[in-house]
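This briefing accompanies the model shown below and is arranged by topic for reading beside it.

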Amino acid sequence: MIIVNSEKLNQLNSISTNDLYILTDFDGTITKDNSDSSWASIFKNPKVSKEFINECIKIFNHYHKFEIDESLSIAKKNSIMNEWYRKNIETLINFNITEEIINYASNNASIMDFRTGAVKFLETMNSKNIPIIVISAGVGNIIEQFLIKNNCNYPNIYICSNFLEYENGIVKSVRDNNLIHPLNKNEVFLPENIKSKIENRSNILLLGNSVSDIKMAEGNKNVFKLGFLDENIEERLTSFKEHYDIVCTNNTGYDEICNKVKILGQKMKKE
Ligand SMILES: [Mg+2]
């Protein structure tokens, strides 16, 4: 099902593709809701130890409750999320997790899976020269490998995420010591080389699957927001309709979205 604010949709369809870029979450947005996240996919490797899995579950159970606690102040939550993600990285290092394990998920479609039509969607955006900026609190290496493996790591795609660095094939650190967690997924943290690709474009199509994803675009550009709502639909629908211009439920595919949002479709009058 797709619920649309038609005024916003008409506006979006009337702008030029040269004046648009896409800001998108990855897990549950480019991939299906029931696909494992890039983090969770690390535990699905048959080579990881029980002790490692138990430690990951222990950390998740401790921190996840703060992630969904709306009574915490942003500052407090921000510092807890930072601590959580640091601990995640430390755990990968302490358990000598290898590059091979990190890459395993991206080569196994039964773990991570694209939404229907997503591959075609990425191809079309590349042919239209619409930049796509992926902002993800997931694992950048896995996202990148997953795109490469599926032949869609196009030059218009920029991944802003947690990139693990290796020493002798073992996780050692995060690139630039720059951790992206659910509360700092903000466009202002984009590196300069990515910012320069979009500075002349004044419209953003934001894609996300949680209300906090709308914070990815906090500048003064014109933002069109499309949200995927696949979990606890009834409880969250009102909030999604309040924050998103287009709400897609029940694992809506990109083929369906491109039919509705003409600017994303293959044939455009205005090009
Ligand atoms: Mg997500």
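In this predicted model, Leu 226 touches Leu 205, Leu 206, Leu 207, Tyr 244, Asp 245, Ile 246 and Cys 248, leaving aside residues up to four places away in sequence. Leu 226 also belongs to the largest nonpolar core, which holds 56 residues, and is one of those that touch the most other members.

**Nonpolar core**
- Alongside Leu 226, the residues of this core that touch the most other members are Ile 22, Leu 23, Ile 133, Leu 205 and Leu 206.
- The most is given to this core by strand β3, residues 132-139, which contributes 6 residues.

**Sheet**
- An open sheet is formed by 7 strands in the order β1-β9-β8-β7-β2-β3-β4, and its pairing is mixed.
- Because β1 (2-4) and β4 (157-162) stand at the edges with a single partner strand each, one side of each is left without a neighbour in the sheet.
- On average, and with direction ignored, neighbouring strands of this sheet are turned by 15 degrees against each other.
- The pairing of β3 with β4 is parallel and runs over 5 bridges, and Ile 132 stands opposite Ile 157 in β4.
- Helix α6, residues 140-149, lies across β3 and β4 and runs at about 130 degrees to β3.

**Whole chain**
- The chain contains 9 helices and 9 strands, and buried residues account for 34% of its 271 residues.
- The C-alpha trace spans about 55 × 40 × 35 Å along its principal axes, and the radius of gyration of 18 Å agrees with the value near 18 Å for a compact globule of 271 residues.
- Of the contacts between residues at least 6 apart in sequence, 69% join residues at least 24 apart.

Conventions
Residues are numbered from 1 along each chain as its sequence is written. This is a predicted model: local features need pLDDT of at least 70, side-chain atom pairs count only at pLDDT 80 or more; totals for chains, interfaces and linings use all residues. A nonpolar core is a set of buried Ala, Val, Leu, Ile, Met, Phe, Trp, Tyr and Cys residues joined through C-beta atoms within 7 Å. A residue is buried if 20 or more other C-beta atoms lie within 10 Å of its own, exposed if 12 or fewer, and partly exposed in between; C-beta atoms are placed from the backbone. Helices (H or I, at least four residues) and strands (E, at least two) are DSSP runs, numbered from the N terminus. Two residues are in contact if their C-beta atoms, placed from the backbone, lie within 7 Å. The radius of gyration is taken over C-alpha atoms; the globule rule is 2.2 Å times the number of residues to the power 0.38. Two strands pair if DSSP finds at least two bridges between them. Axes are lines fitted to C-alpha atoms, for helices over the stretch in contact, and angles run from 0 to 180 degrees between N-to-C directions.
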